[in-house]
Amino acid sequence: MTDRDAAEREAMALALRLAATPGVPLGPNPRVGCVLLDDDGEVVATGHHRGAGTPHAEADALAAAGQRARGATAIVTLEPCNHTGRTGPCARALVEAGVRRVVLAGRDPNPVAAGGVQTLRAAGIDVEEGLLGEDAARLNRAWLFGLQQGRPLVVWKFATTLDGRSAAADGSSRWISGRASRRDAHRLRAEADVMLVGTETVTVDDPLLTVRDAGDAPLDVQPLRAVMGLRDLDPHARVLNGDAETVHLRTRDPHAALSELFDLGRRQVFLEGGPTLAAAFLRAGLVDEIVAYVAPVLLGAGRLAVGDLGITGIERALRPVVTDITVLDGTEGEEPDVRITLQITTDPTSQTPQES
């Protein structure tokens, strides 16, 4: 690896960190970072996109660099846009600034914005593609999913005993999982831009649905709290306090709920509702990833972790693919839980259930 290669790789890693700045929305625009390097591989300026209507990462970096951008190498986590929306085309801005080389992680799959590479090359700018491309795709996985599927990515999280119970026979469920699992779940909450539950969960459990223990994630930037169902909410419910924005989705249809959230610019839903809501999304084929916290506990009776899926024979069983198994460190006095992450790769039954 040459010195230039090393400098550009280090700069791309920095650009990815800038793009992932806490508080930057997951949509409707991609998260993008940009770093400008001089001929010696030193950083001239940096920039990142902060959400719809704000300067794009390239424009942000060019504004910071001024005349120092001439002759620089631009390291960008996504192909510079080639269209005029709320802001001008970044590809043209790079050309006009006199940038001589552009290194990007990957092409923009959005046909409206694509074409920046051709514009740059037509202007005589050297363009290299693919540096840390997999990392860039992971950064924007919710945005990419939304672009392809036209709806938010749905991650269903639940905690269960070894025998598949989410609550005891008397209804008590605090706490099935250990403290380490709960901290980890708050970390995952902070990675989403919607917390979704049903009206039943709000009525019975009165949750806050906020991020309260997520390491370095800023607690002043909270996911949208979404409550799905037809019944009215108690005006004193904690989900209606001022800790985060809340929307009531007055529908029993998971497709309609996700459509409304998508229109609000939301791209990743963290599904934390009870067994009825989980079953509704599973039966509609609208769960993309499952995160299950399995505690070393046996109850023998109580509420199941998921409701009826309409599956009557083993041949129709839903079989998610395990992508990760992690034993979470138990705190003092607690046995460790196991976190299992799975992806849905086949469509479940097409029946549409009713949700409370």
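**Exercise 1.** How many disulfides does the structure hold?

*Solution.* A quick note on the ground rules: this is a predicted model, where local features need pLDDT of at least 70 and side-chain atom pairs count only at pLDDT 80 or more, while totals for chains, interfaces and linings use all residues. Residues are numbered from 1 along each chain as its sequence is written, and side-chain values use heavy atoms, with hydrogens and water left out.

Start with the cut-off: a disulfide is a pair of cysteine sulfur atoms within 2.5 Å. The structure holds zero of them. Take cysteine 81: its closest cysteine sulfur is in cysteine 90, and at 3.7 Å that is too far for a bond. Now check accessibility, where buried means under 20% relative accessible area, exposed over 50% and partly exposed in between (1.4 Å probe, protein chains only). Cysteine 81, at 7%, counts as buried, and cysteine 90 does too, at 3%.

**Exercise 2.** Work out where the buried residues of helix 3 point.

*Solution.* Helices (H or I, at least four residues) and strands (E, at least two) are DSSP runs, numbered from the N terminus. Helix 3 spans residues 90-97, and its Cys90, Ala91, Leu94 and Ala97 are buried. Look down the axis: the buried residues fall within an arc of 130 degrees (taken from the directions from the helix axis to the C-beta atoms), so they line one face of the helix. Next, find the cover, using contact as heavy atoms within 4.5 Å. It includes helix 2 (57-65), strand 3 (73-76), strand 4 (101-104) and helix 4 (116-122). Just past the helix, glycine 98 adopts a positive phi of about 85 degrees.

**Exercise 3.** Find the residues that touch the most other members of the largest nonpolar core.

*Solution.* A nonpolar core is a set of buried Ala, Val, Leu, Ile, Met, Phe, Trp, Tyr and Cys residues joined through side-chain atoms within 4.5 Å. Helix 10 gives the largest share, five residues. Zoom in on leucine 249: beyond its neighbours within four places in sequence, its contacts include Leu196, Ala226, Val227 and Leu261.
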